[in-house]
Amino acid sequence: MLCGISGEAPQEPVVSKKSGVVYEKRLIEQYINEHGTEPSSGESLTADDLLPIQSSRIVRPRPPTLTSIPALLATFQNEWDALALETYNLKEQLARTREELSTALYQHDAAVRVIARLSRERDEAREALGKLTVSDGANGDAMAIDSTEGLPEDLATSVDETHATLSKGRKRRPIPEGWATPDDITTLEQGTTTSLPVSDARYLDVSGAQAATSGLQGGSATFFIDDEKVDAEFAVNEPVTNTAWAGSKIVFGTAQGSVKVFDNGSEVAQATEHAGPVAAVSVHPSGAILASVGSDKSIVFYELETLKRVSRAFTNSALTACAFHPDGHLLAAGTATGTVRLYMTKTLEQAAEFELESGVPVQALTFSENGFWLAAAAKRQSTVKIFDLRKEGAAATAKVLETGGDVESLSWDYTGQFLATGGPSGITVQQYLKASKAWSEPFRSSVPAIGVRWGEQGRKLVVLTNDNALTVFGVKA
């Protein structure tokens, strides 16, 4: 007979009434005291369940002190018993660990199979979607999924020519005669406030002496800035999400994924390239290209005359704002995750990325006319970051301006001297002094603003308020 724990012949054998296994009495009693279970089966076991086995054996002498060899042998025996018990426990733990590892491996293998199946189904769905045609706006062209389309050769040439022309004269361009001076900006005063026939007006853009506004209910109106009166009103028939002038035309992005172009109050073109709401639109300096970004993570370029899609790229994040560089060779796009990305206009390849506010959607973007500054504001943030396009990473943050309230709109004047900010807490004008290379704030008003834009010669500031009205601030005579 051998002990079920030590594997040796027991000196004082006992047998379990439940399993019939033979144990050394001292080992099984120690195991019961520690675990209260049967070592081999794991069932509950007590000392009463042990039955002594009578066998002939030699009576062992009482061990004296450790000074004798028999005493040492007894000590070694006790140590061996403890070691045998510990080894048995380790074997049990190893067996349980192997079972758990086997279960985890099976679960991992199942997860890998599920991921592979879902990836295959996704690829099949993209392939099927790519073969579909989009009517009423895509002009019958096949949809491009997860791909980047470069501009056609003629438009790419136009981008290069525009870049060469505008960048060449930018550094030597003087401030136009009659443009507002820093002293003039300090005298800006509020003019009359004109109510607009537009429900839930949220978007504003200015071109020359006219302003265009639009609202979430699908209404729009144009406004004479100098006369401070409404010119015309018309219906877009879809909730508007952004507005931009394109020469004499007005471009609207809508919550239904459409981009519409109006001329003289009538719709002249429409495209539906986005699978979700259009977040922002921007017109290229050449006037030949229109850009739109949306919550479907895509950037789309159109030929402005026909509104035919000419280029598209998909990103890994929903887009919330966009703006063309004043030379036209770059497009800035703000994401819902708080980054600002620069894309090459010709190829839509990403050129740079700036961190605005981690995890907070970008609210507004605007390039300075000096060509190397980009101002950006995040949603519900009171700061405006100025990025230097000539630098990368953290070094690109040239200045952080504190406005004292949430910023919803930004506008840089033509000379690049004055940056207007607007939000629920009011309006500010931030000025960069080139001589001292420092920033100052020559003007502040408590009038709440949803949108702000500079008027002609920087002598007027057009403000869209949250009560469907336009207020024009003018330089004091």
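**Helix H3 (153-170) and strand S27 (426-433) each give at least two residues to the lining of the second largest pocket.** What you see here is a predicted model: local features need pLDDT of at least 70, side-chain atom pairs count only at pLDDT 80 or more, and totals for chains, interfaces and linings use all residues. Residues are numbered from 1 along each chain as its sequence is written, and side-chain values use heavy atoms, with hydrogens and water left out. Helices (H or I, at least four residues) and strands (E, at least two) are DSSP runs, numbered from the N terminus. The second largest pocket has a volume of about 720 Å³. Its lining counts 24 residues, and those nearest the centre are Arg-170, Asn-370, Phe-372, Thr-415 and Lys-434. Which element supplies the largest share of the lining? That's S27, with three residues. Sorted by class, this lining has nine nonpolar, eight polar and seven charged residues. (Ala, Val, Leu, Ile, Met, Phe, Trp, Tyr, Cys and Pro count as nonpolar, Asp, Glu, Lys and Arg as charged, and the others, Gly among them, as polar.)

**Two cavities of 30 Å³ or more turn up in this structure.** On a 1 Å grid over the protein atoms alone, a cavity is a set of points where a 1.4 Å probe fits but cannot get out, while a pocket is an open set with protein on both sides within 12 Å along at least five of seven lines; lining residues have an atom within 4 Å of a point. Points are joined across faces, edges and corners, and the volume is the space filled by probe spheres set on them. The largest cavity has a volume of about 60 Å³. It is lined by 13 residues, and Thr-403, Gly-405, Asp-406, Ser-425 and Gly-426 sit closest to its centre. By class, the lining of the largest cavity splits into two nonpolar, nine polar and two charged residues.

**The second largest cavity has a volume of about 30 Å³.** Look for Leu-356, Glu-357, Ala-377, Ala-378, Gln-381, Thr-383 and Lys-385, which line this cavity. Strand S22 (373-378) and strand S23 (383-388) are the elements that give two or more residues to its lining. The lining of the second largest cavity has three nonpolar, two polar and two charged residues.

**Here's a close-up of aromatic rings, with Phe-372, Trp-373, Trp-412, Tyr-432 and Trp-439 linked into a cluster by ring pairs.** Rings of Phe, Tyr and Trp (its six-membered ring) pair if their centres lie within 6.5 Å; planes under 30 degrees apart count as stacked, over 60 as edge-to-face and the rest as tilted. By this rule the count comes to 14 aromatic pairs. One of them is Phe-234 with Phe-262, a stacked pair at 5.2 Å centre to centre and with 25° between the planes. Phe-234 belongs to strand S8 (residues 229-235) and Phe-262 to strand S11 (residues 259-263), so the pair ties together parts that are 28 residues apart in sequence. Phe-234 is buried, with 13% relative accessible area, and Phe-262 is buried too, with 4%. Now the pair of Tyr-432 and Trp-439: the ring centres are 5.4 Å apart and the planes are at 55°, so this pair is tilted. Trp-439 has 19% relative accessibility, so it counts as buried. (Buried means under 20% relative accessible area, exposed over 50%, partly exposed in between, with a 1.4 Å probe and protein chains only.)

**Two arginines lie over ring faces, Arg-173 over Tyr-414 and Arg-390 over Phe-372.** Arg-173 is 4.2 Å from the ring centre of Tyr-414. For Arg-390 and the ring centre of Phe-372, the distance is 3.8 Å. A charge sits over a ring if NZ of Lys or CZ of Arg is within 6 Å of the ring centre and within 35 degrees of the ring normal.

**Helix H1 (residues 25-35) has four residues to look for: Leu-27, Ile-28, Tyr-31 and Ile-32, its buried ones.** Why do they end up on the same side of H1? Because they cover an arc of only 135° around the axis; the arc is that of the directions from the helix axis to the C-beta atoms. Just after H1 comes Gly-36, with a positive phi of about 70°.

**Arg-459 sits in the loop between strand S29 (451-454) and strand S30 (460-465).** Its relative accessibility is 30%, so Arg-459 counts as partly exposed. Arg-459 and Ala-180 are 279 residues apart along the chain, with their C-alpha atoms 5.3 Å apart.
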